Each structure stands twice: as structure tokens, then as C-alpha cells.
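Let's take a friendly walk through a protein model together. Have the sequence and the 3D view ready, and follow along as we go.

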Amino acid sequence: MSRREQIKMSDEEVSAFLAGERTVTCATAGARGWPHLMPLWYVLRDPSDDGPLPRVWAWTYGISQKVRNLERDPRATLQVEAGEAYEDLRGVMLECDVIIHRDLDTVAPLGAAILLRNSVPRGSQPPQELASEAADAVRAQAAKRVGLEFIERRRATWDHRKLGGVY
């Protein structure tokens, strides 16, 4: 078996890894052809009929450079990674088509879900809903933001912990 196959994550491992992390690096194609990389908080939403994994969703300002890039070319590469020592490195890279959602009925609940997920320490259960002041702030922000739905087309994964310290 190749090293590549040894460190590959299963669908279940990918789902658990993505559920445990919080920040994705999103690469879009800039106007001058250079990759444009930006971090985003994300949430996972149930998959549709075209894939086994939950979909990554994020929100960002509608006038941001990444949105302008996605309007021109609706593709992005996402990377979520963890680990510091080589033997602990693990991650997921997803090549995705991207749908930009602008309607408030989609964007506001997405913003609330992102804020809820990131409002508590990692591993803690978030509250069921935002406090009224936070919900009001999310609704006000939603008018300026868009939702980004990332539709996975290709994946690469790695988990060096599977090598057991042998390289």
C-alpha cells in the first residue's frame, strides 16, 4: 500500500475532522490570476443527493474580494488543517463549485449558526439559539453579507498520525 493510501481519511474521518475544526482557508482565483487565500469560519450542513459528506457553508461580506472572484469564476479550493509536528499533520482539501446566496432567509440563519458554533470553547455544546441582542446583530449584518455554499467536486486528505511515527 502506498503512503498516500495509508494516510487517506475515510468519509467518516473527514466528517469528524471537519466537525471538530472551525476555520477553513478559501482560495479563489484573483483578477490577475494569483490565488487569493482567506480564512473563513464555517458550519457543516446536511448533504444533498450529490455527496455523502455534509457541505461546508460560510458567510462573508458581499463586497469582499473573494465574492468578486467567485462571481467571475465560481470555483474555490478549501483547506482545513491541524497539527504542528509532522507526525500529527492532518487535513482536508476540497475543490468546490460555489453557490453565492444573497437572500436574507438563507444568509441570516447561516450567520446565526456560524456565530453559535464559534461562541463557545471547542468541544462544548453551543446554545440552541442566540441571545436577542446577538440575533439582532446577525440580522443587521446579514444585509451586507452573502452565504457561500461549497459543493465538493474533488478531495484530498491526509492524516500522518496513521503512520505511527514511521516515515
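This is a predicted model: local features need pLDDT of at least 70, side-chain atom pairs count only at pLDDT 80 or more; totals for chains, interfaces and linings use all residues.

A disulfide is a covalent bond between the sulfur atoms of two cysteines. A search of the whole structure finds zero disulfides. Cys-26 is in no disulfide, and the nearest cysteine sulfur, that of Cys-96, is 8.4 Å away. A disulfide needs the two sulfur atoms within 2.5 Å.

Now step back to the whole chain. How many helices and strands does the protein chain have? There are five helices and seven strands. Reading from the N terminus, the elements follow the order α-α-β-β-β-β-α-β-β-α-α-β. The radius of gyration of the protein chain is 17 Å, close to the 15 Å that the globule rule gives for 167 residues, so the chain is as compact as a globular protein of that length. Along the principal axes, its C-alpha atoms fill a box of roughly 50 × 40 × 30 Å. Of the 167 residues, 41% count as buried.

Next, find helix α3, which spans residues 65-72 and has Lys-66, Val-67, Asn-69 and Leu-70 buried. Look down the axis of α3: its buried residues fall within an arc of 160 degrees, so they line one face of the helix. What covers these buried residues of α3? The cover includes the strands β1 (23-29), β2 (35-41), β4 (55-61), β5 (75-82), β6 (90-101) and β7 (145-159).

Strand β7 also holds Ile-151, a buried residue with a relative accessible area of 7%. The C-alpha atoms of Ile-151 and Ile-99 are separated by 7.8 Å, although the two residues are 52 apart along the chain. Links across the sequence show up in the whole chain as well: among contacts between residues at least 6 apart in sequence, 70% join residues at least 24 apart.

Finally, turn to Arg-145 and the rings beside it. The charged end of Arg-145 sits over the ring of Trp-59, 4.3 Å from its centre. Arg-145 also lies over the face of Tyr-61, at 4.1 Å from the ring centre.

How values were computed: Residues are numbered from 1 along each chain as its sequence is written. Side-chain values use heavy atoms; hydrogens and water are left out. Buried means under 20% relative accessible area, exposed over 50%, partly exposed in between (1.4 Å probe, protein chains only). Helices (H or I, at least four residues) and strands (E, at least two) are DSSP runs, numbered from the N terminus. The arc is that of the directions from the helix axis to the C-beta atoms. Contact means heavy atoms within 4.5 Å. A charge sits over a ring if NZ of Lys or CZ of Arg is within 6 Å of the ring centre and within 35 degrees of the ring normal. The radius of gyration is taken over C-alpha atoms; the globule rule is 2.2 Å times the number of residues to the power 0.38.
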